[in-house]
Amino acid sequence: MDPFVKFTSQSQGRDRIFRAAQYACSLSIYLIRNNCEKKDLEARLKRLESSLSAGRKLLRLGNAANSIEAAKRSVQLSDRVLRLCLTVANMNRALYFICDNVLWAKSVGLIRNIDKERWSLNASRFYFISLVMHLTRDVYAVLQLMTKKSRDKHFKQKMDQHLTENPEVAEVLIPQLDGFIFLLLETLKSHPALALDFVKNISDLFMPLDKLGLYQSNAGVMGFCGLISSLVGIVTLAQPTLKISP
């Protein structure tokens, strides 16, 4: 019980629980949309989803400042690629939160004379750029770890054994491709924090892609991806060792 209380006492913890519930509602609504007997349940889920979305916007007030502080820290990193990726990602995330806060103020009547659709599209653009830069960081980290692992003598023996014991795979795939896939999977398996971050960012990417019209998805796909991303976020917040750093 104590870990749960500690987790929910954090604003990030509450936001991620609300986010998981919101996307679970979204996915459920999609799955029962054609069931005439569950129209009442569908209506209740839509109201709950709307309430959770509004509550999350309130919890995110002030997150722009946190992202700016994160950008200040990332600009001091010695690795130039990480410095670029994380600084750009954090600054765009700060801009996304500013747009999100303005949209919240509009929804409660604090601001009136703004173009809601324009601010929403700008928020999606900033969120998209942030995710792309985070994914670039993930790919960069994976390639570095793969290069390091490929030079390890014990791993080379393990890969040779894999290729020898699985000749049927080599008949379908080019041996070099099979070796690359094996190296990639072993790298991700030995670095779960990186694997989880990659899954989270890929899952999140579907939302801005759909909003910007770059790749259309249905509500079911976005609900499922949002739920997966939220669950990963909950796991990494509850278990800091599974959170990628920097």
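**View 1. Tyr96, Phe97 and Tyr127 come together in one aromatic cluster.** Rings of Phe, Tyr and Trp (its six-membered ring) pair here if their centres lie within 6.5 Å; planes under 30 degrees apart count as stacked, over 60 as edge-to-face and the rest as tilted. This is a predicted model, so local features need pLDDT of at least 70 and side-chain atom pairs count only at pLDDT 80 or more, while totals for chains, interfaces and linings use all residues. Residues are numbered from 1 along each chain as its sequence is written, and side-chain values use heavy atoms, leaving out hydrogens and water.

**View 2. The search of the whole structure finds 3 aromatic pairs.** One of them joins Tyr96 and Phe97, a tilted pair at 5.2 Å centre to centre with 50° between the planes. Tyr96 counts as buried at 15% relative accessibility, and Phe97 is buried at 5% (buried is under 20% relative accessible area, exposed over 50%, partly exposed in between, with a 1.4 Å probe and protein chains only).

**View 3. Phe206 and Tyr215 form an edge-to-face pair, because their planes meet at 70°, with ring centres 6.2 Å apart.** Phe206 is partly exposed at 23% relative accessibility, and Tyr215 is partly exposed at 49%.

**View 4. The charged end of Arg33 sits over the ring of Tyr30.** It lies 3.9 Å from the ring centre; the criterion is NZ of Lys or CZ of Arg within 6 Å of the ring centre and within 35 degrees of the ring normal.
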